[in-house]
Amino acid sequence: MLYRRILLLLIIINSFFNIKSESADNNMRYGLTFRSHSVNQDQRTGVDLSNCNLFLKPGSTIEFDLRLDNKPEGTYGYIFRLICNDTLSLDFIANTSLLKVNFVVASTRHIYCNKEFHLDNNYDEKQWFPVKIRFNISDIECSFNETTSKIPFQIPNLKNAQLHLGKNHHGNFYTTDVPPMAIRDLKVCDEKGKILRHWKFAKHLESSVLDEVDGCIASVKNGEWEIDKHISWEPVISIYFKETNPQIAYDNDSGRIFIATADSLITYSVATDIISRVKTNKGAPFRCGGGSALLYDKERNCLISYSTQFPDLNIYNFQTQSWSGSGTEILPPIQQHNHFIDYKNHKLVLFGGYGMHQYKANLIVRDLFDGTWKTTDLKTQIMPRYLSAAGLYEDSVLMVMGGYGSPSGKQEELPQNLYDLYKIDYPNAQCEKVTNFTIAGDPIAMGNSLLIDKNKHTVYTLAYNNDRYNSLLYLISLDWESSQTTILGDTILYHFFDSESYCDLFLDKESNNLYAIILQQAPTQNGYFVSIYSMAYPVLQSKDVLQTETTSPHPRTKLIFGGISIICLILIGYWIWFKKTKKHSQIISPKDITPANDKTNLMPNESSSIPATSTINLLGGFQVFDRQGTDVTGGFSSVLRQLFLFILLHSVKNDGRGVSSLMLDEAFWSGMDKKSASNNRSVNIRRLRLLLNNIGDITLTNENSYWNIKLGKDIFCDYIEIWKQLKKYQKRNSNYNRETMETIIALSSKGMLLPNVNAEWADEFKSEYVSRVSDILLSAITLPEYSSDSKLLLQIADVVLLLYPTEEEAVKLKCRLLYQLGHKVLSRQCYDKFCAQYMSLLDAQPDFSYEDIISPPNND
């Protein structure tokens, strides 16, 4: 038994010390893209591996995959420089304008060798070239794209080698010439082929990447991570239109997006990144305020503009560049409805929508080749709705997700956001609820299309907050077996204005990219923008692409912990042997036996826990104390203080969800481009994390591109505590508890929320804090259980006036109580002070006098 325990412990320890980071999914793009001559020298990319011991010996190899982009703005630069003893360098240089790469061995004054490899005239810019360098005793073996050449040169002192990719600042061999390239899977192997270092350039830290073997850090400056394309929406194009509601369709087989106006057809190719505009020779798509729509028919290679107010479909012929008809809807009956083509059954299928102050559950089906619309009302099976997402699940079956509607369909009768998923067998007009789901935070509605992955029983759609104009658009997934929803990727700013806005989603099969298509009003112009964004599929969460610095222990750490583990095993073995020996040598009496279920001494006494010393105060002013009770407020710079408070307050308000990266960038780095803002955010987040680690158990995390702060049990925050107490009254429906009331009074008597933080974003939180505290305290003074408690009522009045100096009910209460208690001078002074503040803030006198307050009520 002893040996089995030791063996099991050894297996556990061995598995811990042989942790490897997960390999990238085959469908994931990864690699590091280097910024080249399209930006200035300070913004170009460099990777510094000089702090990593490369263990280079005769027979060692360095290998990686290389991708070269043939961009006209800059085609020459250093792929890497391997610098030995600060005097000699092995350089790998690209010059794609001349279709070649070179391996060059040089010192600071002399060129020893130059080997050239040629690129094919029509090489694919998406192609990854394998590169391998082998260091032999008498030569260097260089391989590029399976072609090998030997450099008859022996590099001395390989143990003192520094490897730099792209730009570097080495004293003798610095360079700012960087080719437009990408690198992935950089490996260093010994003479037997064992991998000693492996920088995959997939998962990464904010400005560095850990190798997969021992966690050795490679510093990365100004890099663009390919895997980040799986978490970030990238703007593709944005086109301005003066025309109302241009119609949009897409071809996800060929990667084309169509925008039809009254006189033109605009086509954008996602493969070539080319926009073309063709004037229409005849006809026009149906016009309306959102009731008609556009679809691409891939079987006939044509566009279909339709309206249920017209019996015929309006067909656009690409050869003749003409429409078969035209027309304008009158009072469109089904705005913001779902639509798609069922090719197997040759049907055009519509569902839901809104019109004439009613939400719809109408299923409208039309054959693609005749002129009959068939309408079936399904409101007895599914709640009427619009702003929902829909897609074809299988032949004759569609799925509908979420939306906004009401049980009766009438706009005035209980309108609400819907969080459900249905299957609809449209030929038989039968509905089946699949699941309900929840999404934390504000109410959301859905984009038009639903992407369905039957194998993973998961659907994807765009979602946004439909209770505001300045909304955010984000991608959500729903696993209909577990009813689990996940927010994926980052967000897009979206101006939601009901029928004046529209968003849709499609997956381009060729590039495996998701494309978000957005139609929205131009905020400062009389017109509309159609904007397109892309993101690599499958979409990930931020946590899926970030390494942690504890991914893999350093070799020395392994040795230390390995030694400790061996010592522990020896001690455990000796202890077990000693107990067994002692057991057999002693005579045990019945009174010495402890019952098996007696666990009195197995658990520590919870009352002996050490009280918390870490404190974060926001009420009355910002102040922070660390574990030792030392005031560390001065450690927060102006930016870090506001960044910390911004994330913390949003985390509290949104029940732990926090705030999006986009909102952070807009609040703190609004004047910068997206990349610069992201870099500034990363730097300041890293500094903030270091600062918070010294304070206590504070966790700053990023989940689904939302930043949030969580405080451990050993940290007290006065704002969080009063927020918890305030929320109790929401749940209790004014069932006021004396202890809770006293806690609220004690905390709020400290003063205003963040009085010294003069930032526009903070005003909303300050206002809500004052409003909530004042409303609850003023409501409490009317309760019978407090009516005779003059001390408590005075405390309430003082707190309300502290937060809201012009609150009339509070000053009346305080003056009256002081007068009744015999403090007539204080009562009058309280009124005079109130009048002075009233005049200062409102430039007026209150409409009641002191005598009105102290006069007994008239009971006539």
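This is a predicted model: local features need pLDDT of at least 70, side-chain atom pairs count only at pLDDT 80 or more; totals for chains, interfaces and linings use all residues.

Which residues line the second largest cavity? They are Gln-336, Asn-338, Leu-387, Ser-388, Met-446, Gly-447, Asn-448, Tyr-464, Tyr-494, Ser-501, Tyr-502 and Cys-503. Residues are numbered from 1 along each chain as its sequence is written, and side-chain values use heavy atoms, with hydrogens and water left out.

On a 1 Å grid over the protein atoms alone, a cavity is a set of points where a 1.4 Å probe fits but cannot get out; a pocket is an open set with protein on both sides within 12 Å along at least five of seven lines; and lining residues have an atom within 4 Å of a point. Grid points are joined across faces, edges and corners, and a volume is the space filled by probe spheres set on the points.

By this rule there are 2 cavities of 30 Å³ or more. The second largest cavity has a volume of about 70 Å³, and its lining divides into 6 nonpolar, 6 polar and no charged residues. Here Ala, Val, Leu, Ile, Met, Phe, Trp, Tyr, Cys and Pro count as nonpolar, Asp, Glu, Lys and Arg as charged, and the others, Gly among them, as polar.

The largest cavity has a volume of about 280 Å³. Of its 21 lining residues, Gly-290, Ser-292, Ala-293, Tyr-502 and Leu-519 are the closest to its centre. That lining comprises 8 nonpolar, 12 polar and 1 charged.

I turn now to the second largest pocket, with about 900 Å³ of space. It is lined by 34 residues, of which Tyr-250, Asn-252, Phe-340, Leu-392 and Leu-451 are the closest to its centre. The lining holds 21 nonpolar, 4 polar and 9 charged residues. Strand E42 gives the most to this lining, with 5 residues. Strands E18 (247–251) and E22 (293–297) are among those supplying at least two residues each, and E18 and E22 also each supply at least two to the lining of the largest cavity.

As for the chain overall, it has 12 helices and 50 strands; helices (H or I, at least four residues) and strands (E, at least two) are DSSP runs, numbered from the N terminus. Of its 860 residues, 51% are buried, where buried means under 20% relative accessible area, exposed over 50%, and partly exposed in between, with a 1.4 Å probe and protein chains only.

Helix H5 covers residues 674–693; at 1.5 Å a residue, its 20 residues should span 28 Å, and its end C-alpha atoms are 28 Å apart, which agrees. The expected span is 1.5 Å times one less than the number of residues. The buried residues of H5 include Ala-677, Arg-681 and Asn-684. What covers the buried residues of H5 includes helix H3 (638–653) and strand E48 (698–703).

Finally, consider Met-672, in the loop between H4 and H5. Is Met-672 buried or partly exposed? Met-672 is partly exposed, because its relative accessible area is 38%. Leaving aside residues up to four places away in sequence, Met-672 touches Ala-677 and Asn-680, a contact being heavy atoms within 4.5 Å.
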